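Take the points one at a time and find each place in the viewer as you go.

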Amino acid sequence: MKQRAKSFKDADDPYRSGERMGHFIGIAYDKCCGCKLCELSCSMLRSGKGISSPALSRIRVLRREPQGLDIPMVCLHCEDPPCMVCPADAMSQDQRGVVMINDDKCIGCKQCLLACPFGAISFNPEKGKVFKCDLCNGAPLCVRICNVAHPADKVLTYQKPEMFEKSIRTRAFERIANSVMQSRVELASKVKG
Amino acid sequence: MSKSDLDAIIRKEKLDGLIGKTHMMILEQVSQVDKQPQEIFDIVKGKHEVSSFTQVLRAIDQLKRISCVTVTGEKTTTLGSSDFGSKTEPTYKISELGRTLLNDLKK
Amino acid sequence: MELYGWAGKILRVDLSKETFKTQPLPTDMMTSLIGGRGFNSKILYDEVAPGTDPLGPDNKLIFGTGPVTGTIVSTSGRFTVTAKSPTTDAFGDANAGGHWGGELKWAGYDVIVFEGAAKKPVFLWIDDDQIELRNAEHIWGLDYFKTTEEVQKDVGDMDISVAGIGPAGERLVYTSCVMNEYTRAAAKCGMGAVMGSKRLKAIAVRGTKGVKVAKPGELFKIVEEYIEILKREDRWFYENFSKYGTPMFVDQYQQLGALPTRNWRETCYEEAEKVGVGPFYKKYVKKKRACQSCPYHCSPYFTIDEGRFAGTWDDGTEYEATGGFSSKVGCGDLEVALVGGAWCDKFGLDYINCADTIAWAFECYNEGILTKEDTDGLDLKWGNADAVLECIRRMAYKEGKFGELLALGSRKAGRKVGKGAEYYSITIKGQQMGMMDPRVFHAWGFAYGVSTRGGDHLRSHAVCEYMFTPEEMEKYVGSRKAADRFGFEGKGKLIFWTENIRALNDSIENCKYFFRGSPRLWTEYPHKVLSAVTGLDWTYEMTFAAGQRINLIERAYNAREGLGRKDDYLPERFYKELVPTGPTKGASFPREQYDKILDEYYEMRGVDKKTGYPKKEKLLELGLADIAADLEKRRKLG
């Protein structure tokens, strides 16, 4: 596992050297229904103790009933992660771009937690260390259970760099295409009428 | 496909002991002419304890799972029952395996 | 020994003394009653004596969760609220979805028992091990939506879960309920009034400890496997329900000729198309939301963006609002029905109890039993949708003498008015009915009569009567004839079977919608998930026995309160009147047939055919010797 340089300026350009970064979990923010299967699967299978608890989950869904909002929030494995501020060398990033915490090195200072603009890092008071999404070594459980339970909605998807722009663009295209076709129908009926 | 192939498919789908008169009536209805669930229900309702549309819908699904009927198209529906937002229902037709099953059920 | 699933803790809150204590959850309760409704019903039997005033300090308000609550087990965020009911004057409970149940488990509690009554309004704040009764005088009087906001502000966290009451519960309105997550309701049996009588405004919870799962890997596999089975074996329901939620029943029951119309007089409504899923989803629904761990996301979140109701929002809008405030009260205005539902959520009123009571008032008015003088000037002619909204508001706030009358619920209001008004109170044991007409589903219809909490379709939720193929009915229930909804055979047997499994659903705390068309879900899921979560070896037989046990405890409670066979009947309307119009025109439920089914059911349930009291042999067989002894002492043993 390669250690990413603390500053992008200092590093060799990963794309030039053939490395492909950019793996992350894609989120369709308008489709999440707030069921928390992702939170409870993650905590139960990844917290190490078989405990089902949102507080131990690396993905969190924030819900706001009056606005009908359910927003999954999880580490986006930034290309230039602010959480690399770690003074103990516990934070690193691999070839896929997955940002990971080395539990043995973590001193629980919480600087990374404060630095993250997405609130994606959590603190486990029992262990005295931080934790966050590590993409489950390439097969994220949250993505799996979400797609089993809600296959039609494609809320969470495992994204690789060659896929993610295309999938967002395709979704936007579908919305626009529907609206164009709808306007044809309305126009046709107005002309006939 | 033989009767033993059919039995294997039924077992795989955990439908052993669950294919009977309801399915026989449905297979008869789609053995000559393609039909939609609504039409089938209108004919079979009141026979052999079939009294609700959803019973026919689920039985057709079961026949589809064991490859005894196939979807051949769509027809307009007056009840809109398969999907409340839709104006059409699929039409079904018996398959070869379905003919084997029908013969077996008639015995 | 390590405890998995259950937290192992009962929290007792004495509101009179403002003290708390925690007790360990007895092991025998876990294995014989499982959780949720099972725990609550036994505690109620043991601690709330017959003759207790439901709105007095001696009643207890019990909130219960199950061993799988708060895990990935499908639909496992639910909880049950139990107390002696002011509507039935006997057993009462209510069940809700959302997320509150899970949050309570994550905080480390299985059950909360509220005793006594606070001198001033309070709310309970549970933050893991920290428990506090906080002053609620500044929020008493607020609607439930505002209450949630203010409690979250008070505690400083918008992500906490808040269960509470609105103005209706505060005013002890009999049709009031306990709400959670803004729009979920523990709706039946007047639990809101009991909470209001204790001056308990809300229960706010934050839980970070979590639920321990014995076999996490196995549980994950089982949960995935059974979601796949649901999608495969109950495909039609899975697809439609995920898309539309319960509002689809307006359309479906209209087709089936089962839609309660004009106070249960008719079973199909000429304007049903205006209030079905078509118009609702086209113009108003913006997104679908879900309860904890649910694969369906059945809840429609809607907003009304223009017109006189612009600004209205609601979530989890149910058929009991879109149909209840339309066809049931003879009005075809979708927006009024949606606003009616939103107001019920704000004021803390049960959709069903509220709609049924309004329907009663409308029919009495149209039959000349109630006059404009009685209705404080409201014109309740069929079709006057605005009057429906007025009724909801006046009921919630007990406004005027008509508001006070409506707040009694249709049974007590009917008795008060007299002059034949009672015939139009469509209630059983005082509790209003929901869902569909008994004349066109003879098993499910029969079940309303024997439900332990009064008029209720969920005690049996016998949707299998129209979802199971006759072959499935034969294999799993033991009666092919039970699949014919217009027949009368095998119905007692079917209801005995469904009631046991539904009691089980209410105890592990699972949503009944997960168990619909696929018999494998009904018979395999509960004991498999219980085993994987608790680490104990549960079997179908053990869970089925627990279901029987719970039903019989509740029947025993009712017997102690003076209820018996005479109270296990449907409203006269369903025996006397034939369905007048529509696809099921002519359908009936003759009383003699009902009696036969009742006898068949009593036989299986272990109930004395003459009195309706539980029989000693059955109680002993189920390990309820203490209840048998108690009933015998009171001469209520069958």
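**Notes on a predicted model**

1. Let's begin with a pair of helices in chain C. The axes of helix 13 (residues 351-366) of chain C and helix 14 (residues 385-397) of chain C cross at roughly 120° and come within 10 Å. Helix 13 of chain C passes helix 14 of chain C in a right-handed crossing. Please keep in mind that this is a predicted model.

2. Which residues make this contact? Helix 13 of chain C brings C:C354, C:T357, C:I358 and C:A361, while helix 14 of chain C brings C:V388, C:C391, C:I392 and C:M395. By class, the residues of this contact are seven nonpolar, one polar and no charged.

3. Stay in chain C and look for helix 17 (residues 442-450), which is mostly covered, with nine of its nine residues buried. Among them are C:H442, C:W444, C:F446 and C:Y448. What covers these buried residues? The cover includes strand 17 (427-428), helix 18, helix 20 (491-508) and helix 24 (591-605) of chain C.

4. Next, see where two chains meet: 27 residues of chain C are in contact with 24 residues of chain B. On the chain C side, the elements giving two or more residues are helix 8 (235-244), helix 9 (248-256), helix 10 (277-283), helix 18 (464-467) and helix 19 (470-477). Helix 8 of chain C gives the most, with five residues. This side of chain C divides into eleven nonpolar, five polar and eleven charged residues.

5. Chain A is divided into domain 1 (8-159) and domain 2 (161-193). Taken over C-alpha atoms, the centres of these two domains of chain A are separated by 33 Å. Their contact takes six residues from domain 1 of chain A and four residues from domain 2 of chain A. The domain 1 side of that contact has one nonpolar, four polar and one charged residues.

6. Finally, check two backbone angles in chain A. A:K110 is not a glycine, yet has a positive phi of about 70°. Its place is the loop between strand 6 (99-101) and helix 2 (111-115) of chain A. A:K110 is partly exposed because 14 other C-beta atoms lie within 10 Å. A:K154, also a residue other than glycine, has a positive phi near 45° and sits in the loop between helix 3 (141-149) and strand 9 (156-159) of chain A. With 15 C-beta neighbours inside 10 Å, A:K154 counts as partly exposed.

Note on methods:
Residues numbered from 1 in each chain as written. Chains lettered and ligands numbered in written order. Predicted model: local features only at pLDDT ≥ 70, side-chain atom pairs only at ≥ 80, totals over all residues. Contact = placed C-beta atoms within 7 Å. Helix = DSSP H or I, 4+ residues; strand = E, 2+ residues; numbered from the N terminus. Nonpolar A, V, L, I, M, F, W, Y, C, P; charged D, E, K, R; others polar. Domains from an automatic or database assignment. Buried ≥ 20, exposed ≤ 12 C-beta atoms within 10 Å, placed from the backbone. Axes fitted to C-alpha atoms, helices over the stretch in contact; angles between N-to-C directions. Left-handed = near helix turned anticlockwise from the far one by under 90°.
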